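Try each task before you read its solution.

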Amino acid sequence: MKNKLSNIKKAVKYLDKNQCVGIPTETVYGLAANAYSSIATAKIFKLKKRSKKNPLIVHYYDLKSLKKDCEINNLFLKLYKKYSPGPISYILKLKKNSLISKNVTNNSNTLAVRFPSHPLTRNLLKRLNYPLAAPSANISTKISPVSKQDVKDEFGKEIKLVLEGGQSKIGVESTIVSLINKPEVLRLGGIPKEQIKKYINSPLTYRKKSKVKTSGQGKTHYSPYIKLRMNIKKAKKNEAFILIKKRKKMHKNYFYLSKNNNLKEAAKNLYKTLRFIKKKKFTSIAVEKIPNIKFGEVINDRLKRASNFKWLI
Ligand code: TXA
Ligand code: MG
């Protein structure tokens, strides 16, 4: 515990000096920096090799701190009370006098905000007098990290500190809901859209092929950069085979996402499994059919994008 506290204090020091720090969240690990600082946020884009046009999510401790930067409405409050802190991000209108760096929003007047529930990161946020811009801590278009080691594998010595927060409990990114016009899900994620629907009186739309090129909706994303085929009954001999449920007889190339067909557990293990397969140097992956509901829909969404990359010669 003492060790954890001294690391949090170290993180505060780095962040105050406009440095980036790796932080654990319940969804995936983030690459965090002071959202009010142009110097600090510019470093995030550079480290991730991320397009400056792709805006960042800002992480807050509580409503009070959010109100300095965003206009809030009743629907937001309803969802906030139900699901935050937790794996959901909201797109809200930015206040004119907000201090958020223009780097974060790509100059737009909306902001993606989130209240992570991981206790270590909540402790950190409470100590800061600014919110944290934090995209997933991976090089752009690659697999999101779900452990401290994953973040180290992405950035090596380029970042000085990654807080140890164990394996991310949800294991896929937050669900993004835009509350700017009519409520709309922009990215599937840690809270299935059916659950959000329950608390909204008006319809909740989700367009698979969103016109927005942001919100993790790029065609190639979450990619292990290994050929990946979906809905496969039988894998080839040297192909890694990802299963939704553990088999009685497991072959060397079999990797299961859950023991008993549990989709939430499967989502939690998805990125970990993809990274493991990559480390094992497989050159192609087959995935068995995964039911397209709730967390299964999130898994299929990520796998579809992961499979969509051009081979670089
Ligand atoms: O679970 C998560 O959300 C993780 C953890 C670290 O909090 N963060 C995360 O951030 O996934 P990132 O940057 O990898 O994905 C955020 C997505 C981006 O694809 C971005 O395009 C979208 O959110 N986004 C950010 N601001 C937006 C805005 N104002 N309007 C629409 N989309 C926005
Ligand atoms: Mg990301």
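Predicted model: local features only at pLDDT ≥ 70, side-chain atom pairs only at ≥ 80, totals over all residues.

Residues are numbered from 1 along each chain as its sequence is written, and side-chain values use heavy atoms, with hydrogens and water left out.

**Exercise 1.** Check the span of helix α10 against its end C-alpha atoms.

*Solution.* Helices are DSSP runs of H or I, at least four residues. The expected span is 1.5 Å times one less than the number of residues.

**Exercise 2.** Find which residues of the largest nonpolar core touch the most other members.

*Solution.* Such a core is a set of buried (under 20% relative accessible area, 1.4 Å probe, protein chains only) Ala, Val, Leu, Ile, Met, Phe, Trp, Tyr and Cys residues joined through side-chain atoms within 4.5 Å. Of its 73 residues, the answer is Leu 66, Phe 76, Tyr 90, Leu 111, Val 113, Tyr 271 and Ile 285. Next, look at α9, which gives the most to this core, seven residues.

**Exercise 3.** Is Tyr 256 buried, partly exposed or exposed?

*Solution.* First, locate Tyr 256 in strand β13 (residues 254–256). Its relative accessibility is 31%, so Tyr 256 counts as partly exposed, the class between under 20% and over 50%. Finally, leaving out residues up to four places away in sequence, Tyr 256 touches Leu 243, Lys 245, Lys 246 and Met 250, with contact meaning heavy atoms within 4.5 Å.

Notes:
Chains lettered and ligands numbered in written order. Helix = DSSP H or I, 4+ residues; strand = E, 2+ residues; numbered from the N terminus.
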